[in-house]
Structures are given as C-alpha cells and as structure tokens.
Number of protein chains: 2
Amino acid sequence: MDLNFVIHNTDPSSKARVGQFTTAHGVIETPAFMPVGTQATIKAMDPAEVWDLGYRLILANTYHLFLRPGHKTIQRLGGLQKFMAWPGAILTDSGGFQLFSLKGLCQVSDDGVQFASHLDGARTMLTPELCVQIQEDMGVDIVMALDQMAIPGDGPEQTRLALERTTRWAERCLNARRRDDAALFGIVQGGFDPALRQQSAEQLVPLGFDGYAIGGLSVGETKLTMRAMIQATEPYLPTDKPRYLMGVGTPDDLVVATSMGVDMFDCVMPTRNARNGSVFTSVGKLNIRNAAHTEDESPLDPECRCSTCQRFSRAYLRHLFMAGEILAMRLLTMHNLAFYAKRIEMIKDAINNGSLGAWALQLANEMDKESESVITSQP
Amino acid sequence: MDLNFVIHNTDPSSKARVGQFTTAHGVIETPAFMPVGTQATIKAMDPAEVWDLGYRLILANTYHLFLRPGHKTIQRLGGLQKFMAWPGAILTDSGGFQLFSLKGLCQVSDDGVQFASHLDGARTMLTPELCVQIQEDMGVDIVMALDQMAIPGDGPEQTRLALERTTRWAERCLNARRRDDAALFGIVQGGFDPALRQQSAEQLVPLGFDGYAIGGLSVGETKLTMRAMIQATEPYLPTDKPRYLMGVGTPDDLVVATSMGVDMFDCVMPTRNARNGSVFTSVGKLNIRNAAHTEDESPLDPECRCSTCQRFSRAYLRHLFMAGEILAMRLLTMHNLAFYAKRIEMIKDAINNGSLGAWALQLANEMDKESESVITSQP
C-alpha cells in the first residue's frame, strides 16, 4: 500500500525533511525513531508507556516471532497489534540481519536462507515469499523485503553477488504480496562500496517499493564510512518515498543522517543501554553504576521531563540497579526512550528553523575527531 | 507513636474487625495487606502502580537496606519514602527473620545478632538498639522490634529461651526509641507451643507497644498449627491495638486469619509467584507456562478489572513469560497484587455483612482436608 508520504517542510541548509505518512494504524510523523520490540514487547516497557512517550511506530522482529510464538498463532489471535496491545503501527524487519549474524547456523542460496532455530535447532527455509507471508500474516503495517547483507570482510565480488541476490529477492517479495493494507520496503545493500550502493539503489527503485531502507550499516564501520554510504545511496532514492536507515543509531547519528535525507530509524541502543545502566542526558552519557551517584539527589537529567526524572534521584536508581531490581530497567529505559523522543522533536525544530545543517556538520566533525583519536591511539 | 487505632465494625460471626489507624504518612484501613518491597521497591512495580491498586502501607526490609544502600544514605537522602518516591506509609521488619534464615552466618547472644553480610561478608552486630535506630533513621512509620524466632526443630527449652530473649530485646527496643512519629510493634514468639505463645504475649503486652505481631509462623507448619498458634495468642493481645501476622499468606489465609482477629499481613507470595508464572484467579491458581494457554485469548481472570486483564490475553502473557521478557513479570505482578487488593475488599465486605465467619470456616475445612490428603498420600 502506498503510504501517501507528504513532505511538510525541507531544510534549506541540508537534505532533511519533515513529513508524514499514513499506515493502516495511524499517521506517522517523520523523522521517526522506532523503538525495538524484538519479541513483541519493547523490553521493560508497557506499550501504553511507549505510546505516552509519543511513539506511534515500533519495530518487531520477523525471525524471532516466526520462531516464537509463530506467525500463525499471532494471526489466529488477531494480529500483532492486538496480540501486544499496541495501538500504533508496526514495521517488522525481514529477519535477514538476524540470519546473517547466526554465522554457521545458516546456508544461503538463491532459493532463500536455510537456518536452524536458535531455540530448538529446527531447520527452516526462509524464502522471500515466506518472509512476506509471515509479516503479512502478522498484520504489520510495513513489511521489509528479505535481503542478503555483505558481511564485513566480504570481498567486492561477494558484496556484488549479495546485492544482486537482494534485488532478485526484492522482486520475488513484490510478487508475493497478498495484502493491500501493508507497505513493502526494499533494502539497499552494497557493503562499503559507493558504486555498489548506487547499483543496488538503481536496481531496486524501478521495482517500485513504498519506501527504501539502507541496510548493512551499523556493523562496526566508522562514522565516516556510514556517512559515505548514505551519501552514495541517497541521490538514487526517490524523494517522495520514506528512507529508512536500519539499525542506527546514537542520538547524534539521528541528527547527521536526517541532514542527509533519512526519514526513519530503529536502534536497540536506548533500550539495551538502559538495561546496562547507560543513560543519555543533555550533557552526555552517564553510567548509573558509577559510585559518584551513590548519594546524588539530582535526577538523571535536570532538563528531562520524563516520569523517571520527575520522581527519582540518581541515588535511588543506582541503588535499584546495583540490587538487580527490575524497576531499574524500567525507569532507565523510560528515560532513554524519552531522550530519543525529545531528540526527534529537536531535529524537527531544527529543520523547521533551518539550523539542522549546521548542527549536523558540527556533530559530524566531532565524530570524526573522536574516531581519529581512537585510530591514532591504537598501537 | 500511638496509631489511634479505631475499630469501625466487628463481625458477629467471628473475631474479625474493620478499622483504621493513622500514621505520619496517612490513614491505613484494616484489614491491610502489605506488599513486600524488600530492597525499597515492590519487585517489578512502579510505586505509582502500587498506590493506584489501593495500597497505602508497604513493607521494606531493615536487614537488606542496612547493607545496601545503608540507612545513613537513606537518611541523608530524606528518608525511605522520599528515596523510593512512595507517597504512603512504610513498615520495616526488624531483620530478625532474615538473620535466622542465614543459618551458620550469624551468632546470637543476649547482646544481639552478630552476622556476616550476604553481599560482602562484612561482620556487624545487630543489637536491639541499632535495629530501632536503623529503622528510625530511615524515617519509617512502623518500626518492628528485634526478635529471636524459634527455628523449626528447636526443643521446648530453646523455644522458651528465644521468646524470653525476645522480651528482653523488646524492652531495650522501647528504651531505644528517639522518634515520636513512628510506631513500634512487639513480636510474639513461642514456636508451636500454645503455652509459650501465651507466655510471650503476656510478657510483651504490659510493656505497651503500639501494635503486636505474631512472628515465627509461615515457616512450613500445617495450616492447623498456624491457626492453633493464632488462637493461642490472640486472647492475650489488647483489642485496641492492631495485630499483624507476619509473612502470611495465601488469599485464603487472609480470610481465615482475619476471622481470628488479625488486622495486618505481609507476604511475598503475590509478587514472587508472579515472577514464577503463578497467577491467582477467582477460580483458582494457574501457571502461565502451561501450553494450554498458547492460543488462549481470554484474560488471566475474567472477573478481574486490573490493567493486565483489561488489555492482555493469556496467550500474550505466556509468550512474554516463555521469552523471558520483563513485561511478563510486570503484568503478572500487577494482576496478583490486584487480586490481593480485591481479596481484602471482599474480606471487609464479609465482615460488614456478617458472613466472614462462615466463609473462613469453609476455607479452614478445605485447607485441613487438603493437608490431610497430602499426609495420607505420602508413602
């Protein structure tokens, strides 16, 4: 289904745009960050809390839900939205990324990906057709095509073969569609080679997807490489469809990638970091385990208006975390997701007042200095 | 401080009463069940959720909070209520029960209990005076005196020595009080011997506590023994002070013990069971892991109005539990605490309409049949 993507405003100082698209489960404003709900729950959060933070689109995982509880079970129970009591829209990733990270547990051929379940070892062949069917059966709003990503270390030939297979699979995904209330996104691959990224985009766009993802990034490359790959891809994507940078990223990555024309993001960082005690604040990251917080009465971030910061001190949060209490995970996740929601609002404001380009440039420079210092400090 | 315990109504068919008492942090209606917040959090719950369920008094643990984060830290941070953002009242148990369950890690003398921290092995002497000071420093509403419980298997002489030491410690606790905004409860001991229970109560009551606890129960004895010990104690407790049955119990225990004149309870059962997948419903217990729930669209309990039952199916809750998701713990705990809150309301209604005695009698008979069948089914 066409998402009726409308651009409200563009940034004169960059390629950023503010817009919206419309799913069967509501209007999504862009730029949009999707919290990750791998197993049909944003870890540690109640769906009502995610909604109250302003999120209207979340990501769930085809591979995990196919294995447990199974897409047919979810279908019989009325679809994923009803199953998890999420009133908003859902995008499911295709499982490609998970499968290729199961090195040794899967075999790829033109047919699809043969893999063994990480739960019970049961072998399944995930074809592009099955991948679309699983997502459609779950009733999600945005279906991702099955893709093959280059694995870091792949040579140019392997990278080219993977992107060409991604194109063939993309066509098969388009042909496998049965629902007209779900959008289908293609995924650009091509490793870290700008020419292959261009080639992938040029092969996918004529097929006519409802949106385009940039895949295969955020796998350990430098920030400079990530930007170069976005830059190599973006000009070949249609401006009138949403662009989705998969698996990215830090709050600053959102600013920089938005300035380069990206509209959608997902990342486990706000939720996973929270469960490790790592917290985003307006003056940088902090780890709640730090003994400096033992008797610190201040909130995580004095500028934050989330329900954690309005009620709890760093001292209490540190106590909960050190004691292994579930409430620590809840309250830190709440805060980090509030931080990301606010970051998206700040990005929209910066686009609307024409200041995003300068902000992004400054952050990109800082990132490069940081990664340079990492490189030069190595023996 | 006197709690100004007022009895609104008594049950003509039993010894039950409906009443209230007043703490520095609000009025507490009785009978009252206290959710257990060992480490300054009701496990998996936000304090606002506990409040919204109707709870106004919770229990926290002197021993655990003394070790981590330390009572002086809590005091410097403005007291336990502020620390954990709990707007209601707090009772702290004295740590006696925890210490005696650390067999081999503690040594008891008339001075107090010498113990090694389960966290870092540091040795501390917990005296009656220190025990009161810790609780007063944390600013709690109800302080429990340090007691020595008989350990199941203790002979009559050991049991008598423990209760007599409990009396001596109780006097020292009364003399150690410094705050006039906290109540102090004495704890009746005496093992499973009715005469020793009477003796303990008769020694404690003249000392003049603000309330009386029945301790040393719910340690593996039969329901019949538990009732016998309540029955042996209750006539020797003043009617105008609250009576608190420590560590009890099942929803049915609350009915039976209330009918015998008990006003207050605490138990980890609703919260701990939830984390093990065990759920209380109006038609008995269920375990959410049961495969029968895999595609069950019904709520945990169709009669329950909690936020879990209003939104989520057994199928989803089972999925979350099997996937090890934190939200499972949250939602099941929410439901079990709602079940206990409703049980307390049902008990109050039964007292007010004079039907509690019959209800309690029926449950007590069922309990005894059950324990008989357990005994006779053993080889």
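In the predicted model, helix 12 of chain A, which spans residues 314-322, is mostly covered, with 8 of its 9 residues classed as buried. The buried positions are A:Arg314, A:Ala315, A:Tyr316, A:Leu317, A:Arg318, A:His319, A:Leu320 and A:Phe321. The cover over these buried residues includes elements of two chains, namely helix 13 (326-352) of chain A and helix 4 (80-83) of chain B. Just after helix 12 of chain A, the backbone at A:Gly324 adopts a positive phi of about 70°.

At the level of domains, chain A is divided into domain 1, covering residues 19-273, and domain 2, covering residues 276-376. The centres of these two domains of chain A, taken over C-alpha atoms, are separated by 26 Å, and contact between them involves 26 residues of domain 1 and 26 residues of domain 2. On the side of domain 1 of chain A that touches domain 2 of chain A, at least two residues each are supplied by helix 1 (47-52), helix 9 (223-233), helix 10 (251-259) and helix 11 (269-275) of chain A. Helix 10 of chain A accounts for the largest share of this side of domain 1, contributing 7 residues. By residue class, the side of domain 1 of chain A that touches domain 2 of chain A comprises 14 nonpolar, 6 polar and 6 charged residues.

Terms used
Residues numbered from 1 in each chain as written. Chains lettered and ligands numbered in written order. Predicted model: local features only at pLDDT ≥ 70, side-chain atom pairs only at ≥ 80, totals over all residues. Buried ≥ 20, exposed ≤ 12 C-beta atoms within 10 Å, placed from the backbone. Helix = DSSP H or I, 4+ residues; strand = E, 2+ residues; numbered from the N terminus. Contact = placed C-beta atoms within 7 Å. Domains from an automatic or database assignment. Nonpolar A, V, L, I, M, F, W, Y, C, P; charged D, E, K, R; others polar.
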